[in-house]
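Visitor: I'm new to this one. Can you walk me through it, starting with the strands?
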Amino acid sequence: MLLTTLESVPGRKTVRHLGLVQGSTVRAKNVGKDILAGFKNIVGGELKGYTELLQEARQEATNRMIQDATKMGANAIVNIRFGTSSIAQGAAELFAYGTAVVVE
C-alpha cells in the first residue's frame, strides 16, 4: 500500500478514486506516565511516555485506515491527514484519513 500526504502518487497515474478511508483509536494515559509527566513539568524536557503513546496511536490509526482501503481494493492512499481530539478527561482520539485510489 502506497501512502502519501500529496494529492497524487509521484510517477504513478491514478486510474480510479474509491473514496474516503479512515482509521481511529482512543488511548488513555496511565497513572505511571502521569506521575512521570508531573515530574518532567518541574524540570522540563520531552514527555517520552506521551510521545510513545501518540506514536503507538498514530500507527494503530494508520493500520486501520490501510485495512479500510484494502477492503475497497485500493493500492494507494493519497492526501493523508491526522487529527486529534479529547474524548474524555485523560483519553484522546487519534484519527487518520485519506482518499483510497488505484494507481498504475
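Guide: A term to begin with: two strands pair if DSSP finds at least two bridges between them. In this predicted model, β3 and β4 pair in the antiparallel sense, over 10 bridges.

Visitor: Which residue stands opposite A92?
Guide: S86 does; A92 itself belongs to β4.

Visitor: And how many residues sit between the strands in the hairpin of β3 and β4?
Guide: There are 2 residues between them, and G90 in that hairpin has a positive phi near 85°.

Visitor: What does β1 pair with, and is it parallel or antiparallel?
Guide: β1, residues 2-3, pairs with β3, residues 76-88, in the parallel sense. That pairing has 2 bridges. L2 has A76 in β3 as its bridge partner.

Visitor: Back up a bit. How many helices and strands does the chain have?
Guide: The chain has 2 helices and 4 strands. Along the sequence they come in the pattern β-β-α-α-β-β.

Visitor: Take α2, then. Why do you say its span agrees with 25 residues?
Guide: The expected span is 1.5 Å times one less than the number of residues. For the 25 residues of α2 that gives 36 Å, and the end C-alpha atoms are 36 Å apart, so the two agree.

Visitor: Which residues of α2 are buried?
Guide: L53, A57, A61, T62, M65 and A69 are the buried ones in α2.

Visitor: What follows α2?
Guide: G73 does, and its phi is positive, near 90°.

Visitor: How much of the contact count comes from residues 24 or more positions apart?
Guide: Taking contacts in the chain with a separation of 6 or more, 76% are between residues 24 or more positions apart.

Visitor: Which residues line the largest pocket?
Guide: Among them are Y50, L53, L54 and A57, along with A91, A92, E93 and L94. R27, K29, T84 and G90 line the pocket too. Two of these have come up already: L53 and A57 are also on the buried list of α2.

Visitor: What is the make-up of that lining by class?
Guide: The lining of the largest pocket has 7 nonpolar, 2 polar and 3 charged residues.

Note on methods:
Residues are numbered from 1 along each chain as its sequence is written. This is a predicted model: local features need pLDDT of at least 70, side-chain atom pairs count only at pLDDT 80 or more; totals for chains, interfaces and linings use all residues. Side-chain values use heavy atoms; hydrogens and water are left out. On a 1 Å grid over the protein atoms alone, a cavity is a set of points where a 1.4 Å probe fits but cannot get out, and a pocket is an open set with protein on both sides within 12 Å along at least five of seven lines; lining residues have an atom within 4 Å of a point. Ala, Val, Leu, Ile, Met, Phe, Trp, Tyr, Cys and Pro count as nonpolar, Asp, Glu, Lys and Arg as charged, and the others, Gly among them, as polar. Buried means under 20% relative accessible area, exposed over 50%, partly exposed in between (1.4 Å probe, protein chains only). Contact means heavy atoms within 4.5 Å.
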